[in-house]
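Here is a short briefing for a reader new to this structure. Look over the sequence and the model, then read on by topic.

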Amino acid sequence: MTNRPRASLQRILEDLGSSVLDVAASPGELDAEVTGVHIYDPLDELLLPEGSILLAVGVDRAEQICALLDAAGPAAGVVVKQPVDVDELVRAKVRQTGVAVLGLTRAASWAQVAALLRSLLAEGDLAEPGEAPPDDLFSLANAVCALLDAPVTIEDRSSRVLAYSGRQDEADPGRVETVLGRQVPERYRRMLEERGFFRRLYQSREPIYMELDDDSINRAAVAVRSGDEILGSIWVAVREPLSDQRQRALADAAKIVALQLLRQRAGADTRRRLRADLLSTVLAGGRDAAEAAGRLGVASGRLCVLAAQLSGGSHVDAAHRESDRQRFCDALALHVGAIHPKAAAALVGSVAYAVLPLHAGGDEEARAVRVAQSFLARVGPRHAANIGVGRLAGNLTEVARSRADADRVLRVLRTREASGVVAGYSGVHFEALLLQLSDLVEAEEQVPTGPYQRLVSHDAEHGSELVVTLRAYLDAFGDVNAASARVHVHANTFRYRLKRLTEISGLDLADPEARLTVMLQMRIFRR
């Protein structure tokens, strides 16, 4: 195996294949280095780093393409949904600007192509200067494809596509859908499970042959193992069983893929730990924050910290939970990276933190909340989570405060037992202050006093519910009918309890200061 070449436009087109991206208009050789992926937003100023690929969402006419090429500056390519409206003016503009126009198949979503491109570019992330990137599974998939003369995918245990070879357009629609979504569609997974193909695959140490439906090309597959651990599998689209020689070649390829997956797992763990350490340093806001931000490529000013945490799922085993957290964090990193090239995210403990740069314009916290809501809307069906958004940090020294804000918001949402909720610090400020005050009270071992203390003692001694009655009354703004309905007693019974609690506690319910005092004590001294 050789090291993966730099991410040129030509190399990316070869990896993705013509079933995903095709060249609509080229300035010549496609050897421009690709440095990042950005999504076009007509409402934002277009500032692209050199070598960017711009996903031109909503652009379909020739005059729009020409205008975008003029504005794209040093970009490597512009991607437009097929069919691409290419005329002589577009071709002339491509030659003038040196920016290629690429056509994206209509079957692919913009989210899919963004994920595909970023996965191809992510391999060199956080590599030290002069450090060569590791061998990649795409090259390996192409080598197996050449060896077996058939299109190949390499998949993990969850049927997510880790890599695929060229020539996927020779396979069936199910394979094309799998490659575009980087995941075997659920209906195909269910079919394979019902027919016992997965059981046969994982029980056998040799390749197996699977006959599928009439509209699908059959498959040969082999499990990828490390000892008794199943790491994934290799799938080959073939029309007839493999010969003995090709069977042996596929079995040998599985051993090489196993080594590569183990190597990538170790490398990914190392890179993730490095990202987490660097982002933790940035979030601490100390003297090393600037150096850490530089290594991460994070902006140094006008930042909001997002703290995201999965909710529920306590019944899931620890290993599965940690895997879910990491996938959730990876998705968050992809989302914020699509919004700003100098954003970063990493998993620190059980919380996924993101540092999101924001353009000037006011209302930054609200904009960051909308970014987080958009992310949860995308991943919500797979990951139930809450996200807290800190206040704007004007520079790296203020990032620690923004991180503390975001953590406090998360705590408020946990206290509410919320799930799938995004909140900014300003929106839960008072609740966060009450929680901080509760911590102080607990640390100093303080106890309730005055009327509230007398009610608590009476309830404990006599088994009464006077505190519950008082809380219902205050929550209902003194409306006895609403308060009695809340605690499921008759209004007259409620009035009697209200009279008793005022006699026992000495609380004057007509005094607003007395009401405020007892309400705060009920919130601070949690029962």
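**Briefing**

Asp459 sits in helix H15 (residues 450-462). Helices (H or I, at least four residues) and strands (E, at least two) are DSSP runs, numbered from the N terminus. This is a predicted model, in which local features need pLDDT of at least 70 and side-chain atom pairs count only at pLDDT 80 or more, while totals for chains, interfaces and linings use all residues. Residues are numbered from 1 along each chain as its sequence is written, and side-chain values use heavy atoms, with hydrogens and water left out.

- Asp459 has a relative accessible area of 9%, so it is buried. Buried means under 20% relative accessible area, exposed means over 50%, and partly exposed lies in between (1.4 Å probe, protein chains only).
- Leaving out residues up to four places away in sequence, Asp459 touches Ser464, Glu465, Leu466 and Val467. Contact here means heavy atoms within 4.5 Å.

- Strands of a sheet pair through backbone hydrogen bonds, either parallel or antiparallel. Two strands count as paired if DSSP finds at least two bridges between them.
- Strand E11 (residues 301-310) runs antiparallel to E14, and 5 bridges join them. Asn386 in E14 stands opposite Gln309.
- Strand E16 (residues 422-424) pairs with E14 in the parallel sense, over 3 bridges. Here Gly388 has Ala423 of E16 as its bridge partner.

- Another group of 5 strands forms an open sheet in the order E7-E6-E10-E9-E8, with antiparallel pairing.
- Its edge strands are E7 (161-164) and E8 (208-210), and each pairs on one side only.
- Neighbouring strands of this sheet are turned against each other by 25 degrees on average, direction ignored. Axes are lines fitted to C-alpha atoms, for helices over the stretch in contact, and angles run from 0 to 180 degrees between N-to-C directions.
- Strands E6 (residues 152-156) and E10 (residues 229-237) are antiparallel and share 5 bridges. Thr153 stands opposite Trp235 in E10.
- Helix H5 (residues 137-148) packs on the sheet and touches E6, E7 and E10. The direction of H5 makes about 55 degrees with that of E7.
- Helix H6 (residues 173-181) also packs on the sheet, touching E6, E7, E9 (219-226) and E10. The direction of H6 makes about 55 degrees with that of E6.

**Salt bridges**

- A salt bridge is a side-chain nitrogen of Lys or Arg within 4 Å of a carboxyl oxygen of Asp or Glu. By this rule there are 20 salt bridges.
- Arg160 and Asp156 meet through their side chains in a salt bridge, at 3.1 Å from N to O. Arg160 is partly exposed at 27% relative accessibility, whereas Asp156 is buried at 13%.
- Glu170 forms a salt bridge with Arg167, and their closest N and O atoms are 2.9 Å apart. Glu170 is partly exposed at 40%, and Arg167 is partly exposed at 30%.
- Asp149, Arg167 and Glu170 are linked in a network of salt bridges.
- Asp405 and Arg391 form a salt bridge at 2.7 Å, N to O. Asp405 lies in helix H13 (residues 399-415) and Arg391 in the loop between E14 and strand E15 (393-395), so the pair ties together parts that are 14 residues apart in sequence.
- Which member of this pair is buried, at 0% relative accessibility? Asp405 is buried, whereas Arg391 is partly exposed at 31%.

**A nonpolar surface patch**

- Phe430, Leu433, Leu516 and Leu520 make a nonpolar surface patch of about 350 Å². Helices H14 (429-443) and H19 (512-524) each give two or more residues to the patch.
- Patches are made of residues with over 30% relative accessible area and no salt bridge; like charges are joined within 9 Å, and nonpolar side chains (Val, Leu, Ile, Met, Phe, Trp, Tyr) within 5 Å. Accessible areas come from the Shrake-Rupley method with a 1.4 Å probe, and for residues only the protein chains shown count as cover.
- Leu516 is part of helix H19. At 46% relative accessibility, Leu516 counts as partly exposed.
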